Amino acid sequence: MVIVKKSMRIYKAVLLMAVPLFALLSCGNEYNADEYKIEINNVNNSSNSNNNLGTIIFYNSSSRYHISIHQDDFTGTVLVDKLSPKTQSLIEVVPKSTPYMFSIAYWFQVVKDIESGSGDVWTKSTDAFQEQKSQQVDVGKEYTLRVFQQSEAKFTESFLKIFNASNAPFDLRGEGGVSYLQEGNKVLDVPIGKYGVYKIAVGDIEGRSIYKSGSFSLSFPSFTAESGYIYNFRFDGTNVVQLTEEQI
């Protein structure tokens, strides 16, 4: 059973580990961030020696992806939610006779709320880019679980991002004037200076238009979307230009 009390605080023992931990992570020979592996190190922790708990520190060694840690399978309780790259989170658990199972899911942040007209937008890795690891937990022991990323991530969802550089909000429409809701908060209008983000299907993207101020209409460039890509465009009030395409 996992104690409800979860914390990002760093115990003295954790601080003592920080220097050797980051030294090891910086060593390209032993810890390669392009490799996909999970390594658990057992470390005695005297601060827990007088209670009935074990401590686990989850460290996200990825430079690109957030990670979520589930207890048991991928539908189990979320112990750590979207842990940022190069950060760690600590939980306390009650030792038991059988090992704990941890399931690790990977996330990519398509756009942050501060950048978007529709809030945070995330996409989750496929099952092929997820991992499970069991660990026996003993009383008074501290375990560090480091998660390393894989070179080729398995993300299949694709997105269209449009930056509004015009002087008024706009909305994106398809054939027949059907409006598209943004991912995130599912609103229509994209504010000035923000991104509109839309999930798109793989294949030809065509027949779309930008509507501004309820009357101005501009045809959106057609393009072909591939699986696991973000397509970035910019609307300046007169033109729509594609800037980049980014593989997730």
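Where pLDDT is low, the predicted coordinates should not be read in detail. Please keep that in mind when you look at those contacts.

Now the overall picture. We're looking at 1 helix and 19 strands in the protein chain. Of its 248 residues, 45% count as buried. If you take the contacts in the chain with a separation of 6 or more, residues 24 or more positions apart account for 69% of them.

On to the inside. In soluble globular proteins, nonpolar side chains tend to be buried together. Here, the largest nonpolar core has 27 residues, and the ones touching the most other members are Ile56, Phe58, Ile69 and Phe102. Where does this core come from? Two or more residues each come from strand 3 (54-60), strand 4 (66-71), strand 5 (78-83), strand 6 (88-93), strand 7 (100-111) and strand 10 (141-147). Strand 7 gives the most, with 7 residues.

Leaving out residues up to four places away in sequence, Ile69 touches Phe58, Thr77, Val78, Leu79, Val80, Phe102, Ser103 and Ile104. There's also another core apart from that one, made of 18 residues, including Val190, Ile200, Ala225 and Val240.

Next, a sheet. Strands of a sheet pair through backbone hydrogen bonds, either parallel or antiparallel. In this model, 3 strands make an open sheet in the order 12-15-16, with antiparallel pairing. Strand 12 (170-173) and strand 16 (216-219) are the edge strands, each pairing on one side only. On average, neighbouring strands of this sheet are turned by 25 degrees against each other, direction ignored. Zooming in, strand 12 and strand 15 (residues 209-212) run antiparallel and are joined by 4 bridges. Which residue stands opposite Phe170 in strand 15? That's Lys212.

Last bit: a few individual residues. Ser62 sits in the loop between strand 3 and strand 4. Is Ser62 buried or exposed? Its relative accessible area is 0%, so Ser62 is buried. The Ser62 side chain reaches the backbone nitrogen of Tyr65 at 2.9 Å. Not counting residues up to four places away in sequence, Ser62 also touches Pro85, Lys86, Val147 and Gln149.

Lys86 isn't a glycine, yet its phi is positive, about 60 degrees. Its relative accessibility is 40%, so Lys86 counts as partly exposed.

And there's Lys82, over in strand 5. Lys82 has a positive phi too, near 50 degrees, again in a residue other than glycine. Why do we call Lys82 partly exposed? Because its relative accessible area is 22%, and buried means under 20%.

That's my tour, so over to you.

Methods: Residues numbered from 1 in each chain as written. Predicted model: local features only at pLDDT ≥ 70, side-chain atom pairs only at ≥ 80, totals over all residues. Heavy atoms only, no water. Core = buried A, V, L, I, M, F, W, Y, C linked by side-chain atoms within 4.5 Å. Buried < 20%, exposed > 50% of the residue type's maximum accessible area, 1.4 Å probe, protein only. Contact = heavy atoms within 4.5 Å. Pairing = 2+ DSSP bridges. Axes fitted to C-alpha atoms, helices over the stretch in contact; angles between N-to-C directions. Polar contact = N/O pair within 3.5 Å; in protein donor to acceptor, adjacent residues only side chain to side chain.
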